[in-house]
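Hi,

Here is the structure I promised to pass on.

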Amino acid sequence: MKELKLTAYNYHQPILHLSLNVSQKLMDEIIELSFTEDGCEQGGFLIGRYPNDNTAVIEGIVSPICRKCNHSSFIRYTDGMQSFWNSLYKEKGLIYLGEWHSHPSMSATVSYTHLRAHETSLHLV
């Protein structure tokens, strides 16, 4: 694994009064999964809960059932995931909060593809 250490992530957006919390353990898990021997991009879904209207707490990650990845892309498919999301909510009260993916051999600069994906996601909310 590449030597990279992140601390727990607690972000508060003061104007909209929104907060996001991610534990140190989960940050370490994402970093561990991000740097594979083959150098391919990795990713998954973020799961958690909203303990109140203004705070999201990310409590875990889930790998997609089907994915395709290489050194410069990560594609996740959602086919077959709905029954999983339903069970996760029913059994643990956890929901889909977002997604993550790595760029182990590239810049962390946001690409046009990422900007379009975020724009599309915002329109779905």
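This is a predicted model: local features need pLDDT of at least 70, side-chain atom pairs count only at pLDDT 80 or more; totals for chains, interfaces and linings use all residues.

Five strands make it up, and it is open, with mixed pairing and the order β1-β2-β4-β3-β7. At the edges sit β1 (9-13) and β7 (95-101), each of which pairs on one side only. Going from one strand to the next, the twist averages 25°.

Now the helices. Which strands does α1 lie across? It covers β1, β2, β3, β4 and β7, and its angle to β4 is about 40°. Helix α2 (residues 82-92) lies across β3, β4 and β7, this time running at about 35° to β3.

The loop between α1 (24-34) and β3 (43-52) gave me two residues to look at, one of them Gln42. Is Gln42 buried or exposed? Its relative accessible area is 9%, which is under the 20% cut-off, so Gln42 counts as buried. As for what surrounds Gln42, leaving out neighbours within four places in sequence, its contacts include Leu33, Ser34 and Thr36, then Arg67, Cys69 and Phe74, and also Trp100, His101 and Ser102.

The other one is Gly39, also in the loop between α1 and β3. Gly39 has a relative accessible area of 17%, so it counts as buried. Setting aside residues up to four places away in sequence, Gly39 touches His71, Pro104 and Ser105. Ser102, one of the contacts of Gln42, is worth checking against Gly39 too: the two are 63 residues apart along the chain, while their C-alpha atoms are separated by 10.0 Å.

Last, the surface. Which residues make the nonpolar patch there? Ile15, Leu16 and Leu18 do, and the patch comes to about 330 Å². Leu18 belongs to strand β2 (residues 18-22). With a relative accessibility of 38%, Leu18 counts as partly exposed, because that class lies between the 20% and 50% cut-offs.

That's my list for now.

Cheers

How values were computed. Residues are numbered from 1 along each chain as its sequence is written. Side-chain values use heavy atoms; hydrogens and water are left out. Patches are made of residues with over 30% relative accessible area and no salt bridge: like charges are joined within 9 Å, nonpolar side chains (Val, Leu, Ile, Met, Phe, Trp, Tyr) within 5 Å. Accessible areas come from the Shrake-Rupley method with a 1.4 Å probe; for residues, only the protein chains shown count as cover. A salt bridge is a side-chain nitrogen of Lys or Arg within 4 Å of a carboxyl oxygen of Asp or Glu. Helices (H or I, at least four residues) and strands (E, at least two) are DSSP runs, numbered from the N terminus. Buried means under 20% relative accessible area, exposed over 50%, partly exposed in between (1.4 Å probe, protein chains only). Contact means heavy atoms within 4.5 Å. Two strands pair if DSSP finds at least two bridges between them. Axes are lines fitted to C-alpha atoms, for helices over the stretch in contact, and angles run from 0 to 180 degrees between N-to-C directions.
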